[in-house]
Amino acid sequence: MPQKSKHLKRYASAIKTTTLKEALEVVQSVELKAPCTVLLGNLEHLSATALLPVSLVCNTTHQTDFYERFRRAMMQGELQGTKEEQRAEIEKRMEALDKKDHFEWSLSILDSLIEDQEIGVSKGISGLFNMNLAFLWSIFETFVIDVWITAVNSRPESIGRAVVEERKEFLMKTIFNLAVDSNFNLSIQERIGNISATAYDFTSIRGISKAYEVAFKKKKPKLNSIFKNQKLLCVNALRNVTIHNGGVIDEAYCRMLEDFSKLGDKVELTGHQLQEYANTIIDIVIELIQTIDQFLAQKDNNAIHATRA
């Protein structure tokens, strides 16, 4: 985007969904196709929403310019000939008129709206980006759960056994209750990931990291390091205060980030900040996808031994 706007970073957000799409094209594991497709679709929706302020104003300026040139073309004289000839004449006249740069025009309008404190556009746009960030966290949280479940279901004899052993007491009750509810007609092995996920916390970075550590500590010992990212932690903390505290930074936020300098501040995200957070999460999920895809491409030796036995 051009940088002629004074407030471009306030209201514009370009999320690199194309990078994610390219990374997904080389995924080999059939099991990952479904969660990856959902992930891409959700991030594309987020990207479209993040660009909504610019898109709406651009569309308005385009329509305004079109009708203004149409009005001026009609004032140039009476039209002659058939309807097709009249249409061609109007198009010719309109083409000869100067066209405005719709994008630059749109940015100038947005700049003026941002600067007008009385109409509240600036706060409205910040509110849009705050909610987009909450949606961003939900996209990420849902994806890491789905990938974890998919991987555990695909390797019940290895990582499935590991995650059950870690939460055996809790899961034994859960499995028993499920068995009773199904009149003991329940196949545990093919759903072990779905069942085990109830025993782990996927609502925080710490919980997600722990769940992946337990599942992959023998197969991919460095996998949980993917989640050790300060911006990812910020997304988690910002989502919490946006949803649970009206966007006001509280002590829980400060403890999570180990920084009390912003205690009591109101969160008002810009488009540029949302863009940075979203692109960071895209980088993280790409690394996660590549790691799990590589893992699923390998044979499960535990399952082979179990079959032979």
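Start by selecting α11 (205-216), α12 (230-244) and α13 (251-257): each of these helices (DSSP runs of H or I, at least four residues, numbered from the N terminus) gives at least two residues to the lining of the second largest pocket. A pocket here is an open set of points on a 1 Å grid over the protein atoms alone, with protein on both sides within 12 Å along at least five of seven lines, and lining residues have an atom within 4 Å of a point. This is a predicted model, where local features need pLDDT of at least 70 and side-chain atom pairs 80 or more, while totals for chains, interfaces and linings use all residues. Residues are numbered from 1 along each chain as its sequence is written, and side-chain values use heavy atoms, without hydrogens and water.

Now show Ile205, Arg206, Phe227, Leu233 and Met256, which lie nearest the centre of that pocket, out of 13 lining residues. Its space comes to about 260 Å³ (the volume filled by probe spheres set on grid points joined across faces, edges and corners).

Pick Leu238, Ile249, Tyr253, Lys262 and Tyr277, nearest its centre among 15 lining residues. α12 gives the most to this lining, with three residues.

Last stop: α3 (30-50) and α7 (121-154), each with at least two residues in the lining of the largest cavity (points where a 1.4 Å probe fits but cannot get out). Select Pro35, Val38, Leu39, Asn42, Ile139, Thr142, Phe143 and Asp146 to see what lines the cavity, whose volume is about 40 Å³.
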